[in-house]
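Please keep the sequence and the model in view while reading.

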Amino acid sequence: MTTAVAVPFRFFSLQVVRTERLGPSLVRVTFGGGDLACFFSDGCDQSLSLFLPHPGQSEPAVPYELGDGWWEAWRELPDGVRAVMRSYTLRALRRDPDEIDIDFVLHEPAGPASRWASRARAGDRVVLLGPAVADNRAIRFRPPEDTDLVVVWGDETAVPAVSAILEALPAGMPARVWLEVRHAGDVQDLVTAAGAEVTWLVRENQGAEGSPMALGALRAAQLPSAERPYVWIAGESGQVKALRRHFVGERGFDRRRVAFVGYWRQGLSEEQLREAG
């Protein structure tokens with residue numbers, strides 16, 4: 001029996017239903033479970049906290065039965081016991097049956113989440129901290145109603161959110177989208193009714209993660225004329241900050257209409273990033 005943490009979020013006990021390899025660096029894991037009847041989200045970039053077991057554990061160690069006291073109790077568990085916590089974006093939610101998809105980035109050297117995802121099998125158990133209310137504070141993509149141009153940039157960690165954003169855009173909405181991925185095989189066919197131009201930036205021959213490809217590509221881009229553009233940027237925090245400066249400082253966009261989120265930081269694990277933040 002799971003317990004609520006704080007509205008509008010709660011814990012969900014889930015199992016892997018199936019996996020699908022999307023490319024050299026991407027794998028989709030589909031989760032199911034009775035708890036998902038209480039999972040609701042209307043957001044395109046819904047943020048989630050996923051708890052994974054260590055090798056040899058049948059399920060992740062998360063003391064969610066303690067209610068609001070779970071965080072301190074979880075932090076006090078030994079390193080080899082305490083569940084691995086990682087932040088992810090919801091790719092899709094379906095009903096009948098209740099299922100959610102989460103896309104994982106695979107990389108070398110593999111961290112605990114990448115390693116888990118590469119080996120995930122049907123029946124594997126996880127715990128999710130996610131929304132029980134459809135409109136919640138873990139949704140960042142919120143274009144105002146008067147938006148007349150949507151501009152999006154994301155790296156491979158943001159591909160799930162960008163895919164969902166494109167699917168949700170109104171028919172004919174002008175949109176310019178840049179997605180940066182590691183390998184050409186990671187490029188996906190994205191579905192949208194919007195008037196979207198999607199540019200894939202492939203880092204295959206560009207060296208390390210966090211390359212300056214995105215800033216150069218966006219500086220060179222001619223955007224459609226618009227009076228009320230809306231920008232959404234997500235991925236490696238250094239690139240996200242540089243791109244926000246570009247849109248606000250160089251292009252003169254209203255900073256209130258530029259949404260940005262650093263999903264990860266070059267050289268830091270999520271634990272280190274959490275401590276630094």
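Q: In which strand does Glu236 lie?
A: The model discussed here is a predicted one. Within it, residues 229-236 form a strand, and Glu236 belongs to that run. The strand is E11.

Q: Which side chain of opposite charge is nearest to Glu236, and how far away is it?
A: Glu236 is buried, yet it has no salt bridge. A salt bridge would need a side-chain nitrogen of Lys or Arg within 4 Å of a carboxyl oxygen.

Q: Which strand gives the largest share of the lining of the largest cavity?
A: The structure holds one cavity of 30 Å³ or more, and the largest cavity has a volume of about 40 Å³. Its lining consists of Ser13, Glu59, Pro60, Tyr64, Arg125, Val126 and Val127. The largest share, three residues, comes from the strand that spans residues 125-131, namely E7.

Q: Which helix gives the most to the lining of the second largest pocket?
A: The second largest pocket holds about 280 Å³ of space. Of the 14 residues that line this pocket, Pro53, His54, Pro55, Gly56 and Trp116 lie nearest its centre. Four lining residues come from the helix formed by residues 112-119, which is H2.

Q: What is the omega of the cis peptide bond that joins Asp96 and Pro97?
A: Pro97 is found in the loop between strand E5 (84-94) and strand E6 (99-105), and Asp96 is found in that loop as well. The peptide bond joining Asp96 and Pro97 is cis, with an omega of about 5°.

Q: Does Asp96 count as buried or exposed?
A: Asp96 has a positive phi of about 55° although it is not a glycine. Its relative accessibility is 76%, and the cut-off for an exposed residue is over 50%. Asp96 therefore counts as exposed.

Technical notes. Residues numbered from 1 in each chain as written. Predicted model: local features only at pLDDT ≥ 70, side-chain atom pairs only at ≥ 80, totals over all residues. Heavy atoms only, no water. Helix = DSSP H or I, 4+ residues; strand = E, 2+ residues; numbered from the N terminus. Buried < 20%, exposed > 50% of the residue type's maximum accessible area, 1.4 Å probe, protein only. Lys, Arg positive; Asp, Glu negative; His and termini not counted. 1 Å grid on protein atoms, 1.4 Å probe; cavity = no way out; pocket = protein on both sides within 12 Å on 5 of 7 lines; lining within 4 Å. Points joined across faces, edges and corners; volume = space filled by probe spheres on them.
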